[in-house]
Amino acid sequence: MDALGKLYTSTAIVTVNVDGKMNGITVAWVTRVSWAPAMVAISVGKTRYSRELLDKAKTFAVCVMGKEAKDVAEFFGTVSGRNTDKFKKYPYTMEENLPIPTGTIAYLVCEKAGSFEAGDHIVYLGLVKRQKVLKDETPLLFGEHRMM
Ligand SMILES: Cc1cc2nc3c(=O)[nH]c(=O)nc-3n(C[C@H](O)[C@H](O)[C@H](O)COP(=O)(O)O)c2cc1C
């Protein structure tokens, strides 16, 4: 195991809704970056369809997945929204115009506060406008290059 694999995170699905076009992408590269105001950062590969949408989006939701939602995270993390409507496969609810997929245990509604290039990824900063815990349990973790 390499040392990078020892950086554990929660597994999240980041969702957007740009002019009615909804999409979600599984991200393991998500972290808090500011206490006050509360801010988070997500890192999205330059070639992802979500990158195109996040570049246009004003808001996004970071949906932290529960341990029972491995299949949902796997689906959103292996299929591209470029040619598939991922929200047709699993149920979801809407919060402030953003989809919250089934299996979410907590979510953050963020206003996009900036972005910058980081190698082959784009880091998007989110200012947390609203947050909610739906199920008070340990999230689906990502470490050692796998969900657990
Ligand atoms: C567990 C898991 C974690 C992932 N983490 C990230 C990540 O942090 N950043 C990223 O760009 N892609 C990540 N991916 C890959 C994307 O989720 C995947 O390429 C997805 O299909 C892209 O969807 P899109 O083309 O609709 O944006 C991850 C995939 C999995 C299964």
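Predicted model: local features only at pLDDT ≥ 70, side-chain atom pairs only at ≥ 80, totals over all residues.
User: How many residues surround the ligand, and which are the closest?

Analyst: There are 22 of them, and the closest are T26, G45, S50, S80 and G81.

User: On to charges. Why is the E144 and K6 pair called a salt bridge?

Analyst: The closest N and O atoms of E144 and K6 are 2.9 Å apart. The limit is 4 Å between a Lys or Arg side-chain nitrogen and an Asp or Glu carboxyl oxygen, so this pair passes.

User: What makes E144 and K6 a link between separate parts of the chain?

Analyst: Look at where they lie: E144 is in the loop between β11 (141-143) and β12 (146-147), while K6 is in the segment before β1 (9-10). Those parts are 138 residues apart in sequence, so the pair ties them together.

User: How do you know whether E144 is buried, exposed or partly exposed?

Analyst: Its relative accessible area is 22%. Buried would need under 20% and exposed over 50%, so E144 comes out as partly exposed.

User: And what about E117 and K46?

Analyst: Their side chains meet in a salt bridge at 2.6 Å, N to O. E117 is in strand β9 (residues 104-118) and K46 is in the loop between β5 (39-45) and α1 (49-56), 71 residues apart. E117 has 58% relative accessibility, so it counts as exposed. K46 has 29%, so it counts as partly exposed.

User: What makes R130 part of a network?

Analyst: Salt bridges link R130 with E95 and E96. For R130 and E96, the closest N and O atoms are 3.0 Å apart. R130 lies in strand β10 (residues 121-133) and E96 in the loop between β7 (92-95) and β8 (98-101), so the pair joins parts 34 residues apart in sequence. R130, at 30%, is partly exposed, and E96, at 47%, is partly exposed as well. A search of the whole structure finds 7 salt bridges.

User: How do you know that β1 pairs with β11?

Analyst: Pairing takes at least two bridges, and 2 bridges join these antiparallel strands, so they pair. T9 stands opposite F142 in β11.

User: Why are β1 and β12 called edge strands?

Analyst: The open sheet has 3 strands in the order β1-β11-β12, with antiparallel pairing. β1 and β12 each pair on one side only.

User: Last one: which residues of the largest nonpolar core touch the most other members?

Analyst: V27, I42, F60 and V62 do, out of 21 residues in that core. Elements giving it two or more residues include β2 (12-18), β3 (21-27) and β6 (59-65). The largest share, 4 residues, comes from β2.

Notes:
Residues numbered from 1 in each chain as written. Heavy atoms only, no water. Buried < 20%, exposed > 50% of the residue type's maximum accessible area, 1.4 Å probe, protein only. Near = heavy atom within 4 Å. Core = buried A, V, L, I, M, F, W, Y, C linked by side-chain atoms within 4.5 Å.
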